Protein chains: 2
Amino acid sequence: MKKIGIKDIALRANVSTAIVSYVMNGTRNVKPETKERVLKVIEEFNYRPNAIAQSLKSRRTNTIGVIAEDITVFNTPEIIDGINDYAEQHDMHILLTNLRLQKKVGYNYADTASYQKHAQNAVSDLVSNQVEGIVYIGVHPRDLTGLIHTNDKPIVYTYCYAQNECSIQYNDEQASYDAIQYLVSKGHSRIAVISGLMDSIPSRLRFNGYYKALTEFQLYFDPQFIKVGDWGGESGYQLLGELMELPDPPTAILVMNDLMAAGALRAAAERGISIPRELSVVGFDNREFSAYLNPRITTMDLPLHDMGILAMKTLCNRISGKEETIEEPPLCKLIERDSVAGPRTSIK
Amino acid sequence: MKKIGIKDIALRANVSTAIVSYVMNGTRNVKPETKERVLKVIEEFNYRPNAIAQSLKSRRTNTIGVIAEDITVFNTPEIIDGINDYAEQHDMHILLTNLRLQKKVGYNYADTASYQKHAQNAVSDLVSNQVEGIVYIGVHPRDLTGLIHTNDKPIVYTYCYAQNECSIQYNDEQASYDAIQYLVSKGHSRIAVISGLMDSIPSRLRFNGYYKALTEFQLYFDPQFIKVGDWGGESGYQLLGELMELPDPPTAILVMNDLMAAGALRAAAERGISIPRELSVVGFDNREFSAYLNPRITTMDLPLHDMGILAMKTLCNRISGKEETIEEPPLCKLIERDSVAGPRTSIK
DNA sequence: CTGTTAGCGCTTTCAA
DNA sequence: TTGAAAGCGCTAACAG
């Protein structure tokens, strides 16, 4: 059975192919009874125009390419979901490329050269498929300047950066500021931080927010309250120990991701430190497991869905050549659970 | 700046468009020096053929459509990752549609009618875009017969079923059989089960495996050891209580998903039942959080990646009209963690 | 070895 | 209100 096309419809309806096109797209007035007839034939044959042919003619594909560094990383599905949300609303399609970064180069993100070729191929491929723009979703917020050459095809980065390119990020600084403010509202003033690696942009921004809040609320500041981890659970475990062995330990800790927070919880449990009674902990990322730890941890939820939507919005603006409307980066939201309480009353 | 096409290349290289096509595709022999010249021009202009036009001509798009019921559900990213793995290896592209089922109809899966239109639209859209086949990824293994009409376009379901259609599932029965066998190897003989809803296919299959193992290993069988939950954490919590209040409680429990297992752990903790010392628990799904519970739970990992690959393989076979090679459904794999030990020695 | 040319399925201009 | 036909960028049959 041959695939039926516009000609078949035209033939059956006794009209020219132009008429069929007109009724499908409403491009011209067509005599109602003719229109009716054409519609009936279309219905009868369940005809759907070949979008490939339409694209070739119209030079518009309504398709945007999404490059995900790794779709199995926790942030990515939600971002894609946002992208889909927007795409659905605007009748666009998504051509998905998954670089499978973790499986290919492991956690060695810094070694961009090793997967630059993959990334560049993905772009070329997408461009060849006539996508109208590209959204690039990173696995970790880092600088990707120069990684990719799009040849004027609009691209928007999210969950990563590139100089002189558009990138969508959430407001890291505000997020940690908010976390500290929340802790202050609970009565804390001796607040430590377990940061991620300091060469990472989010670590710096989150630290800024921490420090800004410290200053603004005139909190106790002790350089020993600043611990630098490596994002992994082990370092959270380790650093909580260091913090609690201080002669005058903090009453609350902001931990820059849930992985390290989980490690910290484990360390606290081993030391017989009760959370939140004796120590409050705020995490970051709102990973699924954070609601299953004991205690369930209070953490900052990342606006991933919004980032996806915003990335699309920005991209579509660029595609249609609209002037950039500078949008505020979306905000994180504190998820209140059970790892925060007031400071222990009897201060040592 | 105009997009450059094959004609521009031909012009610059002083050849006909046919030659350019020949050198690009290696379709014909071309005199080496001509070839060289063409290649140089292609390189110089960084020319990439318009895949849309190629497709129109060749009537092959090398793209397959993926419909995900909900990409934010835990099983989906890994399946897509498998699909991408295969696609990358075979130079295919993925047009992704995300139905966003949970956000649209909540957990009311049974009410297929409410999103049938969405699903059907997605299919029509994909077909119109000339995908060569479709992979449909469910959020829960249920029967979708009649939901969708693909009009002869090959489709493969995974993580769900449809009568008279191809569907890829893991081996549920074997998985729970293996779990019981493992428990037996640890010395257990009084093994209860907390099942999911009994109108669900995986519940039935997993129960079959449980029962088969019980019979085969001649284990103690007590109808009171069979508890039916609803997949949610609360029911795991509830049912563990019921089980442990039995005059002669089990020494081990197979829980049919990690969500219920988490509830069961909570109930055990509240009752002062030590896991695994006094009671062993095996979960199902290997959700991320299962490694963060206390104790970390031993659970069955689902072969999601393999399912994605297998779905693609099967689909591609159908597309190219190859005879169906009946593949074995991929196997789950037990992840040994800390929620299983030998039975408590002093039996009450 | 190379060039000419007919189409793939559609849209749209132009003419009727 | 309708139809004929050109052409989107490419491939491949055919001719040289």
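Chain B and chain A bury about 4,200 Å² between them, 54% of it on carbon and sulfur atoms; buried area is the accessible area (1.4 Å probe) that two parts lose on being put together, summed over both. B:Ile52, B:Arg100 and B:Tyr292 supply 15% of the area that chain B buries against chain A, more than any other three residues. Each chain's share of the contact (heavy atoms within 4.5 Å) is tabulated here.

| Chain | Residues in the contact |
|---|---|
| Chain B | 45 residues |
| Chain A | 45 residues |

This is a predicted model, in which local features need pLDDT of at least 70, side-chain atom pairs count only at pLDDT 80 or more, and totals for chains, interfaces and linings use all residues. Residues are numbered from 1 along each chain as its sequence is written.

Within chain A, helix α5 (residues 75–89) packs on helix α12 (residues 304–319) at an angle of about 45°, and their axes are 7 Å apart. α5(A) is therefore oblique to α12(A), since angles under 35 degrees count as roughly parallel, over 145 as roughly antiparallel, 65 to 115 as roughly perpendicular and the rest as oblique. Residues making this contact include A:Ile79, A:Ile83 and A:Tyr86 of α5(A), and A:Leu304, A:Ile309 and A:Met312 of α12(A).

A:Ser235 is found in helix α10 (residues 233–244) of chain A. A:Ser235 has a relative accessible area of 11% and is buried (under 20% relative accessible area; exposed is over 50%, partly exposed in between, with a 1.4 Å probe and protein chains only). Leaving aside neighbours within four places in sequence, A:Ser235 is in contact with A:Gly229, A:Asp230 and A:Met260.

Technical notes. Chains are lettered from A and ligands numbered from 1 in the order in which they are written. Side-chain values use heavy atoms; hydrogens and water are left out. Axes are lines fitted to C-alpha atoms, for helices over the stretch in contact, and angles run from 0 to 180 degrees between N-to-C directions. Helices (H or I, at least four residues) and strands (E, at least two) are DSSP runs, numbered from the N terminus.
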